[in-house]
Amino acid sequence: MIAIIDYGAGNLLSVVNAFKALGCPTRVTHDRAELARSRAIVLPGVGAFGAGMAKLRSLDLIGPLGEEVLEKGKPYLGICLGLQFLVQESLEHGCHQGLGWLPGTVQPILPSDPRFRVPHMGWNDVQVVRPCPLFSGLGEAPVFYFVHSFQVKLAPEAADRVTANCWHGTEIVAAVQWGKIFGVQFHPEKSQWFGLKLLSNFIRLTGEGDAYAQETPDSGFGAARWFGGAECQI
Amino acid sequence: MLSKRIIPCLDVRDGRTTKGIKFINNVDVGDPVEMARFYYEEGADELVFYDITASSDRREIMIEVVRRVAAEIFIPFSVGGGLRTLEDMREVLLAGAEKVSVNTAALLNPGLIADGAEAFGSQCIVLGMDVRRVAVSAATPSGYEMVIHGGRTPMGIDALWWAKEAERLGAGEICLNSIDADGTQEGYELTLTRMISEAVSIPVIASGGAGTPEHLYQVLSAGRADAALIASMVHYGTYTISEIKQYLHSKGIPVRLTW
């Protein structure tokens, strides 16, 4: 069973539905005994950083999360806010302390050109910059759904933990990984084939669920186009 | 690079879609879930459901539609129509929609936008705007006025002012519908779309008037829109989403090519 942490922020149903479609049992919980029983932990969420961390703290989940993930080495997937929580602090509406597992901060997205709108909302190409099991089989230029106004900025010593970036008038960290800890800024649960494939890669690491049946994404442009990545012409 | 989004809009009354797809085999064209799945597989980037059910005591039917769509469709979708309170919004979001769209209720009570943004985050509050071209006046300096009741009731509120005000209040996106262009299939209202798009920094979805892929090209380039809402041109099988995307791609508009 994979534990999906319920800390009262955002809509968890989309994440539950995606895992369900992949045949993976989940438990939506904030109970530390459930976390201890789980094979992996998913921390989803949209919303405000400060309120989210405050809720995790009031549910007394900060310690148990560290225990399960950092000490026992359970796979962790942070989605959107679940990625941003990994760093030391956020400058979203004040200054808020994060989990601090990753040296860095959360800062507003400041595109160089006003044509790039904030929130960064919609489908963007992601450049995978370092091999990561989460992106296995996704090709060179997977496309994911993003919706956020703040971004993770890692300290130089943590730069090698970035696995994927995207561009929105400024470079945005799209994914990080070290060990079995994964964080993604985009929403795999809303990113159709690429998202489901990514989640199935995560599920595989936990030994739960079935293999994802569909090997390649659909395209209105003929088969196998996507394997060539962005350069391939129709 | 961020893609421009192509968004089919489904009108739903008492749990059934009101416009059907003519050409599909084995699809119950009145079932919003089956239509959603069809557009999902065709490469729609997002879906909009607009609940036009007259009586609010039948809202539960729509909530059930939202639940079923959320279980099968792994792209974002929004739900609008008749949402008046935070509780209405919460119900739709908890059923699995990413976003809620508010229109008349926000005009009558702008605090709804701020309250919704605070409770659920700006990213899920879409402001629906029904706009009509009018003479420039002190009340409507932009030459565009907010209207409700499908255009029958003018509000005396300037559309440009309202767009900026809604952004300030915390709306995360604007769905901009031109009452003049709506239903004509003669093209989006480019002047209006460009004016609003350039005035706000949140994304703008253009709505009303789509009849050909070229119309989408115009509104996504000259009109500066981030996304284009489509209805009849796909519901009646005149075009497929793939065809529209191929056309836009050939014109240099960034679109999502694989799904």
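P119(A) sits in the loop between strands β7 (102–108) and β8 (120–125) of chain A, where helices (H or I, at least four residues) and strands (E, at least two) are DSSP runs, numbered from the N terminus. The peptide bond between V118(A) and P119(A) is cis, with omega about 5°. This is a predicted model, in which local features need pLDDT of at least 70 and side-chain atom pairs count only at pLDDT 80 or more, while totals for chains, interfaces and linings use all residues. Residues are numbered from 1 along each chain as its sequence is written, chains are lettered from A and ligands numbered from 1 in the order in which they are written, and side-chain values use heavy atoms, leaving out hydrogens and water.

In chain A, strand β4 (residues 76–79) is joined to strand β3 (residues 40–43) by three bridges, and the two run parallel. Two strands pair if DSSP finds at least two bridges between them. Y76(A) in β4(A) is the bridge partner of I41(A). Four bridges link β4(A) to strand β14 (residues 181–184) of chain A, also in a parallel arrangement, with L77(A) opposite F182(A) of β14(A). In a regular strand the side chains alternate between the two faces of the sheet. In β4(A) both faces are covered: Y76(A) and G78(A) on one side, and L77(A) and I79(A) on the other, are all buried. Buried means under 20% relative accessible area, exposed over 50%, and partly exposed in between (1.4 Å probe, protein chains only).

The contact between the chains (heavy atoms within 4.5 Å) takes 36 residues from chain A and 42 residues from chain B. R117(A), W123(A) and Q192(A) supply 25% of the area that chain A buries against chain B, more than any other three residues. Buried area is the accessible area (1.4 Å probe) that two parts lose on being put together, summed over both. For chains A and B this area is about 3,200 Å², 57% of it from carbon and sulfur atoms.

Two salt bridges cross the interface, a salt bridge being a side-chain nitrogen of Lys or Arg within 4 Å of a carboxyl oxygen of Asp or Glu. E98(B) and K190(A) form a salt bridge at 3.1 Å, N to O.
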